[in-house]
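Reader: Could you go through this model with me, a piece at a time? I'd like the conventions spelled out as we go.
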There are 2 protein chains.
Amino acid sequence: MSAYHPLNETEAIAIALTLTDVFPAGAALASREIGDGNLNLVFHISDPASGRSIIMKQALPYAKVVGESWPLTLDRARIESEALIQEGKLAPGLVPKVYSYDADLALTIMEDLSDHVIMRRGLIEGGKYPLFAEHISTFLAQTLFFTSDLGMNQQDKKNRVRDFINPELCKITEDLIFDHPYTDADTNNFDEAIRDEAEALWNDGPLQLEVALLREKFLTQAQALLHGDLHTGSIFITPDSTKVIDPEFAYFGPIGFDIGAIIANLLTSFASRGHWDTNEAARDDFRSYLLVMIRDLWTKFDIKFRALWEQHGVDRLAAAAPGYKDDYMLRLLRDTIGYAGSKIVRRIVGLAHVAEIGSIPDAAAREQAQRLALAIGKSLIKLNRSATSIDELIHTAQTAAGSVKV
Amino acid sequence: MSAYHPLNETEAIAIALTLTDVFPAGAALASREIGDGNLNLVFHISDPASGRSIIMKQALPYAKVVGESWPLTLDRARIESEALIQEGKLAPGLVPKVYSYDADLALTIMEDLSDHVIMRRGLIEGGKYPLFAEHISTFLAQTLFFTSDLGMNQQDKKNRVRDFINPELCKITEDLIFDHPYTDADTNNFDEAIRDEAEALWNDGPLQLEVALLREKFLTQAQALLHGDLHTGSIFITPDSTKVIDPEFAYFGPIGFDIGAIIANLLTSFASRGHWDTNEAARDDFRSYLLVMIRDLWTKFDIKFRALWEQHGVDRLAAAAPGYKDDYMLRLLRDTIGYAGSKIVRRIVGLAHVAEIGSIPDAAAREQAQRLALAIGKSLIKLNRSATSIDELIHTAQTAAGSVKV
């Protein structure tokens with residue numbers, strides 16, 4: 001289409017007008033740039049006359065996080081666009097529609113979801129999402145089963161592994177989740193009040209062994225096409241609808257990493273409630289709601305993944321070998337628990353924090369939430385290789401928080 | 001250079017004459033086609049005047065095995081050539097030198113190793129190779145460590161994973177090693193005398209669970225760049241020299257698969273000795289020699305791999321986490337034992353057999369060797385997840401054969 005350059009709003013509108021399926025010819029489009037400018041430009045383009053609107057997301061050739069800036073491949077726009085299209089086929093209605101992708105401009109044009117809220121923000125505000133466990137378990141089961149060796153042609157899968165080799169984005173995860181929190185790294189970012197907790201991580205040998213094993217699987221295990229960054233900031237939600245966005249970290253990795261990511265972010269919400277709820281009863285009520293959501297999410301995932309396997313399994317031996325399915329699902333549970341723990345720890349002492357905890361203005365309340373999150377995260381990491389039920393994860397959170405009934 | 005077509009000897013000589021570093025200008029070259037015609041053309045080109053010679057190996061666009069023929073990608077010539085070059089850098093002197101590679105013709109020109117013998121044949125004839133364990137453990141440690149996430153830049157490794165995606169050749173392994181022997185598949189090929197053994201495999205649930213787990217790792221675990229077909233027919237040898245050839249199955253897979261492959265083929269030799277040795281004492285002596293070779297091979301590999309890790313490790317957490325290295329090496333041992341077992345079983349009931357057993361003319365002696373090999377193979381597969389020492393593998397072979405001292 002044209003050589004890469006960051007678009008301005010005039011150019012964005014000109015491109016949007018070529019979408020004749022969306023906008024009437026000659027529409028008077030309005031544009032707002034709504035990205036945070038750290039990784040991408042995001043234009044919201046709307047036609048006040050027809051009420052129609054779209055999102056145009058253009059990758060920038062660098063990443064900025066907490067003041068640091070480093071170059072970042074534009075190829076992530078291709079990966080994001082291909083992953084969105086793939087996810088849309090496998091989990092219809094659970095990701096934004098992609099209208100077009102321009103490789104030269106690293107530009108994806110997609111459905112506008114402005115009627116949804118970012119789930120992280122929705123949870124902070126006490127939102128209840130009764131269909132979330134149902135939706136996200138479908139998303140996970142469908143996208144992960146049908147891109148694994150259990151659910152797709154095993155030779156085609158190898159070619160998809162090739163298409164989704166994603167070294168630069170994977171390195172961010174490898175460093176920020178599976179390395180830096182466990183050593184005195186420059187990128188770490190924690191409140192001085194919990195320096196004792198950070199230093200304990202740097203000296204906890206048994207914990208580091210578990211993280212090293214989880215890191216190894218992230219580096220080597222091409223189990224299925226992951227979203228790769230499935231936190232509550234990557235989910236647009238309403239009580240009726242769930243849309244997963246931003247799969248630029250997509251690559252073939254361990255299934256438990258995606259499931260663990262979303263559970264981790266429900267648990268950082270859990271840890272943060274002492275501030276956001278008006279009294280202890282409301283806090284415990286919201287915490288119970290989150291734990292039920294987590295249990296439902298896993299249970300429904302387990303049922304749906306097994307059902308897909310039963311109906312659409314392509315691996316003869318995996319179906320025939322007695323005990324293999326149960327062994328496989330148990331390993332997914334264990335990975336899920338280990339990755340959930342890792343993703344909690346990095347959100348407290350690592351580079352990138354979560355708003356539900358980081359934005360608590362009262363230092364004592366923030367510290368309390370951070371210590372609770374770390375207690376849960378560390379316990380889950382240490383539990384991962386011996387867990388046999390999602391109830392052990394629930395129980396870990398209950399024990400750390402005290403008095404939460406499910 | 002030119003469009004693909006199978007070369008004739010005149011064309012092969014014309015191409016060889018362009019290698020001005022090898023042959024004098026205007027040399028009167030002789031050519032012999034020495035391939036078996038099932039997968040590749042192999043020309044031996046020599047200059048009687050200078051005594052110089054080379055091998056030209058050209059991939060054919062199909063595979064023929066035991067009368068069957070199916071199309072096969074010429075891309076395997078690229079993979080083989082790139083793997084040989086990579087192995088040559090990491091393990092100098094242990095693979096043939098590559099003089100050139102022509103992508104269009106799927107043609108690799110390499111060092112002539114006619115002064116060596118194929119190890120499988122050498123062992124049948126009772127050859128002793130006192131340096132083999134030393135050489136092959138170096139080959140394994142160097143090529144596997146430096147292509148793993150422990151020994152190479154982890155982002156570069158992902159790009160190499162992409163270069164070595166090898167769906168068609170992997171499928172041969174997935175079918176013939178990790179599926180067909182465990183069901184009544186058309187490709188299976190076994191003597192009627194051991195039908196009871198074959199049927200037992202088709203009904204052995206616990207064995208099939210172990211094979212399913214090994215199969216899963218072969219499908220998903222991109223641990224290091226494997227040779228992928230490291231049997232004694234892929235090794236040229238003399239008492240002083242070891243050269244690994246034919247890495248067309250190369251891809252990033254589980255390290256134990258390569259180590260297990262070579263051990264499996266030493267164990268099929270072990271099982272075959274009742275025929276090839278002239279008396280029981282000679283038989284037991286050769287068997288002891290093979291078991292010592294296997295133990296040395298693993299022990300030296302373990303020492304060398306750990307030493308490389310100590311000196312050249314690139315993964316901070318893998319070095320820092322207490323117990324990780326021992327855990328990693330134990331898992332390599334277990335995979336090695338499991339893959340060794342799988343590779344023995346497929347050589348008795350699967351499509352492709354081994355000459356040391358298949359060519360035993362006496363039916364009773366052949367059957368005895370087959371039953372012994374299967375006993376060892378099945379035991380190793382069942383041992384794989386609980387083994388803690390290479391001595392358990394040695395003991396398994398001793399127990400199955402009786403009276404072999406090491």
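Reader: Which residue takes a positive phi in the hairpin of strand 6 of chain A and strand 7 of chain A?
Author: That residue is Ala106(A), with a phi near 55°, and the hairpin has four residues between the strands. Strands (E, at least two residues) and helices (H or I, at least four) are DSSP runs numbered from the N terminus. This is a predicted model, in which local features need pLDDT of at least 70, side-chain atom pairs count only at pLDDT 80 or more, and totals for chains, interfaces and linings use all residues. Residues are numbered from 1 along each chain as its sequence is written, chains are lettered from A and ligands numbered from 1 in the order in which they are written, and side-chain values use heavy atoms, with hydrogens and water left out.

Reader: And how many bridges join strand 3 of chain A to strand 7 of chain A?
Author: Five, and the two strands, of which strand 3 covers residues 52-59, run antiparallel; pairing requires that DSSP finds at least two bridges between two strands. Strand 6 (residues 98-102) of chain A is also antiparallel to strand 7, joined by four bridges. Met110(A) in strand 7 is the bridge partner of Ile55(A) and also of Val98(A).

Reader: Why is strand 7 of chain A largely enclosed?
Author: Because five of its five residues, 107-111, are buried, meaning under 20% relative accessible area with a 1.4 Å probe and protein chains only (exposed is over 50%, partly exposed in between).

Reader: Switching to chain B, where does helix 9 bend?
Author: Helix 9 of chain B bends by about 30° at Phe270(B), the bend being the angle between axes fitted to the seven residues ending there and the seven starting there.
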